[in-house]
Amino acid sequence: MRRWPPRIPVPAAVAHRRAAAGATSKATEATDDLVRQHNRSIAALLRRGRFAAARRLFDALPVRSVVTWNTLLAALSRRGDVPAARSFFDSMPVRDAVSWNTLLAAYARSPRLDHLAAARRLFDETPQRDAVTWSTLLGAYARRGLMDEAQSLFNEMPQRNTASWNTMITGFFAVGQARKAMDVFEAMPVKDSASLSAMVSGFTSNGWLDEADALLTKRLRATDMDKAVDAYSTLIAAYGQTGRVTDARRLFDMIPKAQSQHKGHKRRIFERNAVSWNSMMMCYIRTGDVCSARALFDEMPDKDLVSWNTMIAGYTQASDMEEAEKLFWEVSEPDAVTWNLMIRGFTQKGDVEHARGFFDMMPERSTITWNTMISGYEQNEDYDGTIKLFQRMLEVGERPSHHTLSSVLAACASLATLRLGAQLHQLIEKSFLPDTAISNALITMYSRCGKLTNAKAIFSQMHTQKDLVSWNALIGGYEHHGHATEALRLFEEMRRAKVVPSHITFISLLSACGNSGLVSEGRVVFHTMLHEYGLDARVEHYAALVNLIGRYGQLEDALEVIRSMPIAPDRAVWGAFLGACTAKKNEPLAQMAAKVLSEIDPESSAPYVLMHNLHAHEGRWGSASVVREDMERQGIHKHPGCSWIDMHDKVHVFISGDTSHALTHEIFSVLECFYRSCRDWS
């Protein structure tokens with residue numbers, strides 16, 4: 001039986017053309033597959049940060065698509081190398097809308113003002129502008145605060161999307177024009193949760209918390225918006241920062257709890273998420289209410305790592321390291337923040353040994369971790385531990401940061417290890433750009449080591465980088481070495497520079513005047529502090545003033561200062577007065593001061609030693625023996641004095657009564673690490 005319609009034979013030429021077309025199509029497909037494979041390889045290299053390898057592969061490719069070019073152009077744009085991106089763009093054989101928008105974004109992100117002008121020129125040259133093109137230039141104007149230009153461009157936009165409106169809101173808030181931001185928000189045809197978050201963030205950054213609250217709870221049905229909970233979390237956090245915990249909790253309670261989802265039940269679009277729980281916990285922790293934070297933490301259905309870290313941070317701030325450690329061991333996968341919280345918490349409590357245990361257990365240590373432990377040693381006056389851990393940091397190849405060097409310089413200042421501090425200074429000059437904190441640490445170190453010329457030189461080189469700490473460090477250096485005139489002269493220079501002094505400034509000045517016998521000048525300094533700068537005198541100031549007046553014979557005046565103090569005098573005040581009485585050999589006042597001091601600090605040996613020395617100096621050995629016997633009967637012991645010197649690459653410590661001395665640590669090995677590190681980093 002014959003089929004219908006009958007088969008018609010194909011001519012040979014037609015069959016050949018069809019076969020050739022099929023072969024060409026297969027070859028094209030194979031080429032396209034190869035190009036796509038190469039594009040994926042370039043993208044993978046760029047994701048791993050291997051830009052040079054990606055560029056070599058790009059240059060070696062025989063065939064490239066516009067996607068290939070755009071991939072490398074985007075990488076140049078992200079690196080911030082705008083001239084290289086422009087040159088690459090100009091060499092492209094074919095460009096599409098992505099190419100133009102990518103280069104436009106590079107210009108828009110650049111902080112250079114001429115690049116903004118170049119962005120505008122490129123925008124005008126773009127053959128086909130889409131929503132991304134308009135939004136990119138609009139964002140560039142808004143980020144720079146050029147809201148007149150942004151408004152003009154916004155008015156020209158053929159189509160505005162929600163992102164464009166949100167950009168205008170954020171831009172107006174950033175320049176402090178909250179009313180205009182509100183006008184834009186009101187004019188928006190469609191508002192989303194991003195618009196709401198932009199408004200709440202803008203209100204809170206300008207201190208308009210009540211307006212943000214009214215927007216969320218009264219003016220809009222924010223609860224109908226998906227992700228509106230983010231705006232609530234922002235306001236909760238802002239309430240916490242200003243101490244308005246009750247308002248934060250009211251807002252938090254308005255957010256429904258997340259409910260388990262069952263088949264056929266639609267998920268609620270407005271409910272608490274981890275951010276809202278964590279924000280409320282942080283509110284409690286900011287005000288020191290760790291108990292309420294813990295109750296919320298225990299109630300939280302789904303905790304993330306931030307939740308655990310927030311609660312641990314609350315306990316570390318309250319110095320409750322027992323509870324913090326219990327929580328730590330419950331965390332399934334602690335991150336660097338978790339470990340660092342524990343290390344910092346123990347060092348702040350003074351338990352450096354326990355902190356070091358956590359440091360040694362850490363699987364991986366970042367520079368922040370090293371800094372936390374090193375500064376922990378320094379803050380707890382374990383300067384030997386500071387230097388040794390710094391040496392270990394260098395040995396394992398970890399590069400120190402500015403914070404590391406500041407801590408180690410502070411340890412050098414306390415140990416008066418000039419050689420080590422000077423080597424640190426050389427390392428900083430070779431491998432770092434000194435900032436204000438490091439310069440201040442260098443001033444302190446050189447001042448403590450007696451190199452005031454070096455300290456003054458660094459201070460002078462800081463120019464506009466000087467802050468209050470810089471002035472205090474050099475004034476303190478002059479005070480430490482008895483250069484009261486220089487300290488007072490620097491204080492006058494400080495006043496001319498319109499730098500407002502602090503309590504520390506006046507403690508140094510009063511001590512300097514006391515050490516040099518500048519009684520009238522010290523009285524003027526004290527009066528200036530109270531009446532010109534309006535600072536309340538603390539016990540340290542009164543102790544320095546009593547020492548200043550009393551040691552130069554004005555004991556009755558010094559006693560009158562103590563009696564007129566608005567705060568209770570402590571051991572420092574009475575100790576200064578007792579020292580002045582014994583120096584002037586006024587036994588009746590000395591006896592009175594010693595009695596008061598013994599009542600304030602029963603375990604102190606100072607009153608007994610000073611009275612013993614007073615009797616001994618007058619040749620009343622019987623009375624001196626009675627004081628010593630009384631001291632022994634009370635079980636009070638005088639701690640031996642000690643001193644140290646930095647000599648021959650070692651720090652030598654001398655203890656009173658010893659015929660030998662102990663070595664605290666080997667400086668030479670640390671310096672060897674410095675030399676190797678300088679070669680590696682230079």
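**Figure 1. Overall make-up of the chain.** The protein chain carries 37 helices and 3 strands, where helices (H or I, at least four residues) and strands (E, at least two) are DSSP runs numbered from the N terminus. This is a predicted model, in which local features need pLDDT of at least 70 and side-chain atom pairs count only at pLDDT 80 or more, while totals for chains, interfaces and linings use all residues. Residues are numbered from 1 along each chain as its sequence is written, and side-chain values use heavy atoms, with hydrogens and water left out. Of the 682 residues, 45% are buried (under 20% relative accessible area with a 1.4 Å probe, protein chains only; exposed is over 50%, partly exposed in between). Taking contacts (heavy atoms within 4.5 Å) with a separation of 6 or more, 56% link residues 24 or more positions apart.

**Figure 2. The largest nonpolar core, with a look at F577.** This core has 190 residues; a nonpolar core is a set of buried Ala, Val, Leu, Ile, Met, Phe, Trp, Tyr and Cys residues joined through side-chain atoms within 4.5 Å. I169, L235, M280 and F577 have the most contacts inside the core. Helix α31 (residues 539–550) gives the most to it, with 8 residues. Leaving aside residues up to four places away in sequence, F577 touches V546, L555, A558, L559, I562, L589, M592 and A593.

**Figure 3. Helix α29 against α31.** The axes of α29 (residues 503–516) and α31 come within 9 Å and cross at roughly 15°. Axes here are lines fitted to C-alpha atoms, for helices over the stretch in contact, with angles from 0 to 180 degrees between N-to-C directions. That makes the pair roughly parallel (angles under 35 degrees; over 145 is roughly antiparallel, 65 to 115 roughly perpendicular, the rest oblique). On the α29 side sit H503, F506, I507, L510, S511, C513 and G514, meeting E540, H541, A544, N547 and L548 of α31.

**Figure 4. Helix α17 against α18.** Helix α17 (residues 305–317) packs on α18 (residues 321–328) at about 160°, with the axes 8 Å apart. The two are therefore roughly antiparallel. W308, M311, I312, Y315 and T316 of α17 make the contact with M321, E323, A324, L327 and F328 of α18.

**Figure 5. Q128 in its loop.** Q128 lies in the loop between α6 (113–125) and α7 (131–143). Its relative accessible area is 65%, so Q128 is exposed.
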